Amino acid sequence: MLELALHVLDIGENAIRAGATHLDIDIREDMASDMVSIDIVDNGSGMDPVLRSRALDPFFTTKPDRRIGLGLSLLAQSAEAAGGTVHITEAASGGTRVTATFRLHHPDRQPIGDLGGVIAMLLSRSSMLDIRLSYTGINSSFVFDSAKLRTELGGLWIEHPAVLTYIRDSIRAGIDRASVHTT
Ligand SMILES: Nc1ncnc2c1ncn2[C@@H]1O[C@H](COP(=O)(O)OP(=O)(O)O)[C@@H](O)[C@H]1O
Ligand SMILES: [Mg+2]
């Protein structure tokens with residue numbers, strides 16, 4: 001996987017499959033610790049402790065049509081290759097929390113990538129889903145909140161192509177302003 005955003009896509013798809021209606025995504029770049037952290041909390045059905053302990057195993061999936069599930073194990077591989085870690089815990093809602101860290105300036109740390117495109121894609125996948133993204137970069141920070149946008153849109157659907165394009169482009173612009181560009 002070439003971009004951190006594609007890991008976010010996979011975690012988001014896992015959450016949708018677990019019936020989540022809300023995703024809280026918190027991304028922070030921190031110069032002092034030289035780390036970038038991605039923290040994603042969903043309110044889906046959650047994992048029992050046995051499932052959680054096996055979730056990073058590349059040969060484990062609960063998808064009926066497949067025998068391997070590479071998503072979370074690939075994330076762990078990417079994090080470890082960049083001097084970081086992955087933790088999967090139970091969220092307060094009973095859902096799942098995935099926290100991944102990466103060394104910000106590690107040569108093998110993947111770039112953030114097209115997070116705007118990924119958020120727009122996840123919102124288009126499920127009309128039941130809301131996403132709150134909080135992005136704290138080296139230069140500035142911003143918040144995107146689809147629930148807030150829904151009320152501002154009035155009658156317009158969030159799945160409308162023009163709205164999804166607006167979401168994608170405004171998140172891209174926010175990250176451009178906020179983020180350190182190392183790769
Ligand atoms: N957010 C989540 N909520 C509930 N279960 C999850 C979540 N994320 C992952 N899982 C469980 O962990 C398994 C492994 O996930 P993953 O590594 O992404 O592989 P895959 O999605 O291909 O099955 C999934 O099949 C699912 O059972
Ligand atoms: Mg997956």
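**Salt bridges in a predicted model**

Let me begin with one pair, Arg97 and Asp39, whose side chains meet in a salt bridge with an N to O distance of 2.7 Å. Of the two partners, Asp39 is buried, with a relative accessible area of 13%, whereas Arg97, at 35% relative accessibility, counts as partly exposed.

The structure holds nine salt bridges, and I would like to show you two others. One of them is formed by Asp130 and Arg150, with the closest N and O atoms 2.9 Å apart. Here again distant parts of the chain are linked, with Asp130 in strand S5, residues 130-136, and Arg150 in helix H5, residues 146-153, 20 residues apart. Asp130 counts as buried because its relative accessibility is 15%, under the 20% cut-off, and Arg150, at 26%, counts as partly exposed.

The other pair is Arg172 and Asp169, whose side chains form a salt bridge at 3.7 Å, N to O. Both residues sit in helix H6, residues 161-178, and because they are three residues apart there, about one helical turn separates them. Arg172 is partly exposed at 37% relative accessibility, and Asp169 is partly exposed as well, with a relative accessible area of 35%. This pair also belongs to one network, in which salt bridges that share partners join Asp114, Arg168, Asp169 and Arg172.

Methods:
Residues are numbered from 1 along each chain as its sequence is written. Chains are lettered from A and ligands numbered from 1 in the order in which they are written. This is a predicted model: local features need pLDDT of at least 70, side-chain atom pairs count only at pLDDT 80 or more; totals for chains, interfaces and linings use all residues. Side-chain values use heavy atoms; hydrogens and water are left out. A salt bridge is a side-chain nitrogen of Lys or Arg within 4 Å of a carboxyl oxygen of Asp or Glu. Buried means under 20% relative accessible area, exposed over 50%, partly exposed in between (1.4 Å probe, protein chains only). Helices (H or I, at least four residues) and strands (E, at least two) are DSSP runs, numbered from the N terminus.
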